[in-house]
Amino acid sequence: MIQQEILDRFHVPPGKKVRLKDYETGWELTGKLAELGRGVVRQRAQVVLEENLKELADAQELLYADDRYSILIVLQAMDAAGKDGTIKHVMSGVNPQGCQVFSFKKPSAEDIDHNFLWRYMRCLPERGRIGIFNRSYYEDVLVVKVHPEILDSQRLPVKKYGKKFWEHRYEDINAFEHHLVRNGTVILKFFLNVSHDEQRRRFLERLERPEKNWKFSSADLAERGYWDQYMDAYEDALSATSTKWAPWHVIPADQKWATRAIVADIITSAIRSLDLKYPEVTDEHRRLMEEARRKLTETQEG
Ligand code: ATP
Ligand code: MG
C-alpha cells in the first residue's frame, strides 16, 4: 500500500482552485523516497501494483456478491498520457464479467439529438460491476471548451457560450454525479498528468517504432498545439468538479509504472473502505441447499 500522505498529494480538495503547475507530472523522489533511490522505488511500485491487482480481483468478487454498489472510474488525459495502458494493467486481474470499459469518441448524430450526459448515462456500470470511462462527459467541458465551434452543430437553445454556459455544465455534472453516488455508485476520477515534453517523447516513439506507428495520429499533433488552452480547461473543470462525493485525483503520468501503481492503490482502497459483505444465507436457502445435497447423494452412481 502507498502511504496516505503520498496519496494525499494527488487528491484535489473540494473547492480548491487548481493550478496544475502545483502537481508533479513525474514522481519526484523527495524525502524518504529519495533515500531509497529510483531503482528501489520502481521495484516497490511494481510490488504495490501486484499486491493491489490481487486485492482488486478479490474485492471485485465481493462487490459482485454484495450487489449494492458499482464503481465508476473516469479517466481523462491528454493524448499519449497512458489511459489505455493504465486500464490494461490495472484491470488485468479482474474477472472480465465484472468489468465494463467504454471509450468515448466524437458524439454521433443520435448522441447530439439528446442532452450532453445522455450517451454516458447509457453506459453506467450495473450494481456489482466496475465501469471504466476512457474519456467521459468531461470531454464536454474540455475538448468542447477548447473548440467551442463544436457546439455550433449541436442545436442548443443557447445564444452565447460564455462563462455562465460552462458553469452550468459543471453544475450539471456535479448534480449528475451526486445522484449516482446517492444511488450506490462510487466515482473515482483520475486526470493522468503528463508533461508537455513527455508527450513529445511518446509521440516521437510512435513515429520511430514500427509496432507503435498505428497509434500515431496527426490529429493528436494538432491538439498538442492547443496545450495551454487544454491546461486552462482542465484547471477550470477540476476546480469546479472535485467534490466530496466525487473527488478528482491528479496522477503523475511521466513514468508509466508510477501511474499504474498509484491508480491501482486508490481504486483498491476505495473499494476496501466500503462495507461489503457476502449475502447472508437465509433459513429457506439453507433448507433448499440441504434438500439439493440429499438428492445429489441419493442419486450417486456406482
Ligand atoms: P486512442 O488514441 O488511444 O485510441 P483516444 O481516446 O485518443 O484513444 P481517438 O479516437 O484518438 O481516441 O480520439 C477520440 C476523440 O474524440 C478525442 O479527440 C476526443 O477529444 C474526442 N471526443 C470525445 N468526446 C467528445 C465530445 N463529447 N465532443 C467532442 N469530441 C469528443
Ligand atoms: Mg487518440
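Me: Which residues line the largest cavity?
Reply: This is a predicted model, and it holds 1 cavity of 30 Å³ or more. The largest cavity has a volume of about 50 Å³. Its lining is made up of Ile-73, Leu-75, Thr-86, Ile-87, Val-90, Met-91, Ile-132, Val-263 and Ile-267.

Me: OK, on to the largest pocket: which element gives the most to its lining?
Reply: That pocket has about 1,400 Å³ of space and a lining of 45 residues, with Asp-79, Lys-83, Lys-105, Arg-135 and Asp-220 nearest its centre. Elements that each supply at least two lining residues include helix H9 (196-208), helix H10 (218-224) and helix H11 (227-241). The biggest share is 5 residues, from H4.

Me: What is the order of the strands in the open sheet?
Reply: There are 5 strands, and the pairing is parallel. The edges are strand E2 (99-103) and E5, each of which pairs on one side only. From one strand to the next the twist averages 20°. Reading across, the order is E2-E3-E1-E4-E5.

Me: How many bridges join strand E1 to E4?
Reply: E1 covers residues 70-77 and runs parallel to E4. One spot to look at is Leu-72, which stands opposite Ile-187 in E4. The number of bridges joining E1 and E4 is 8.

Me: And on the E5 side, which residue is the bridge partner of Lys-189?
Reply: Strand E4 (residues 185-193) pairs with E5 in the parallel sense, over 5 bridges. In E5, the partner of Lys-189 is Trp-248.

Me: Is strand E5 largely enclosed or open, and why?
Reply: Side chains in a regular strand alternate between the two faces of the sheet. In E5, Trp-248, Val-250 and Pro-252 point one way while His-249 and Ile-251 point the other, and all are buried. That makes 5 of the 5 residues in 248-252 buried, so E5 is largely enclosed by the rest of the structure.

Me: In the pair of Tyr-161 and Phe-165, which residue counts as buried?
Reply: This aromatic pair is edge-to-face, 5.1 Å centre to centre with 65° between the planes. Buried means under 20% relative accessible area. Tyr-161 has 25%, so Tyr-161 is partly exposed. At 11%, the buried one is Phe-165.

Me: Over the ring of which residue does the charged end of Arg-169 sit?
Reply: The charged end of Arg-169 is 4.2 Å from the centre of that ring. The ring belongs to Phe-116.

Note on methods
Residues numbered from 1 in each chain as written. Chains lettered and ligands numbered in written order. Predicted model: local features only at pLDDT ≥ 70, side-chain atom pairs only at ≥ 80, totals over all residues. Heavy atoms only, no water. Buried < 20%, exposed > 50% of the residue type's maximum accessible area, 1.4 Å probe, protein only. Helix = DSSP H or I, 4+ residues; strand = E, 2+ residues; numbered from the N terminus. Pairing = 2+ DSSP bridges. Phe/Tyr/Trp six-rings, centres within 6.5 Å; stacked < 30°, edge-to-face > 60°. Lys NZ or Arg CZ within 6 Å of the ring centre and 35° of its normal. Axes fitted to C-alpha atoms, helices over the stretch in contact; angles between N-to-C directions. 1 Å grid on protein atoms, 1.4 Å probe; cavity = no way out; pocket = protein on both sides within 12 Å on 5 of 7 lines; lining within 4 Å. Points joined across faces, edges and corners; volume = space filled by probe spheres on them.
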